[in-house]
Amino acid sequence: MSKIEQSSAMQCARCVAVFKATGQRCTAFALAGKRTCARHGALSTGPRTAEGKKKCSTARTVHGGDTIAIRKERSLASARLAILEQVGHGLKMMTGPRTRGRKPDRMGEAYPELQALYQKLVIERAKLSA
Ligand SMILES: [Zn+2]
């Protein structure tokens with residue numbers, strides 16, 4: 001490799017983008033005068049017209065689609081599913097592997113009557129027979 005080739009290779013900037021899925025940095029070359037590769041937004045010119053620039057500066061670019069109410073509703077729904085799965089397995093209506101991972105946070109709030117009934121029927125009966 002000649003000295004000219006070496007020096008041009010030294011000047012090639014790499015893309016600074018990080019893959020969300022893996023957390024690893026992109027290994028592609030950045031486009032000339034840009035910090036990222038073409039795949040990671042170097043081809044974008046950004047807003048060009050005065051109207052577009054104003055629109056971009058006033059836009060909310062941070063994702064915030066979820067509201068607290070929606071998050072609570074989803075959390076309760078997953079807790080209900082976990083309760084139904086627990087009761088189904090406890091009453092031997094369901095077989096097979098259980099859902100992996102931690103239990104949902106709001107298990108105490110979902111189906112309190114069903115949980116009390118399950119406690120009375122399955123768990124206390126198991127304690128008596130043991
Ligand atoms: Zn890239």
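**Figure 1. Helix α4 of the predicted model, shown from its first residue to its last**. Helix α4 covers residues 112–129, 18 residues in total. From first C-alpha to last, the helix reaches 25 Å, close to the expected 26 Å. A bend of about 35° is found in α4 at Gln 119. The number of buried residues among the 18 of α4 is zero, so the helix lies largely in the open.

Figure 2. Leaving aside residues up to four places away in sequence, Tyr 118 touches Val 87 and Gly 90. Leu 91 is 27 residues from Tyr 118 in sequence, and 8.5 Å separate the two residues in space, C-alpha to C-alpha.

Figure 3. Where pLDDT is low, the predicted coordinates should not be read in detail. For the protein as a whole, the mean pLDDT is 86, and 92% of the residues reach 70 or more.

**Figure 4. Domains 1 and 2 of the protein**. The domain assignment places domain 1 at residues 7–43 and domain 2 at residues 69–129. The centres of domain 1 and domain 2, taken over C-alpha atoms, are separated by 48 Å.

**Figure 5. The whole chain, as context for the close-up views.** The protein contains four helices and zero strands, in the order α-α-α-α from the N terminus. Its radius of gyration is 28 Å, well over the 14 Å that the globule rule gives for 130 residues, so the protein is more spread out than a compact globule. Along the principal axes, the C-alpha atoms fill a box of roughly 85 × 50 × 20 Å. Buried residues make up 4% of the 130. Of the contacts between residues at least 6 apart in sequence, 38% join residues at least 24 apart.

How values were computed:
Residues numbered from 1 in each chain as written. Predicted model: local features only at pLDDT ≥ 70, side-chain atom pairs only at ≥ 80, totals over all residues. Helix = DSSP H or I, 4+ residues; strand = E, 2+ residues; numbered from the N terminus. Rg over C-alpha atoms; globule rule 2.2 N^0.38 Å. Buried ≥ 20, exposed ≤ 12 C-beta atoms within 10 Å, placed from the backbone. Contact = placed C-beta atoms within 7 Å. pLDDT = per-residue confidence, 0-100. Domains from an automatic or database assignment. Expected span 1.5 Å × (residues − 1). Bend = angle between axes of the 7 residues up to and from the residue.
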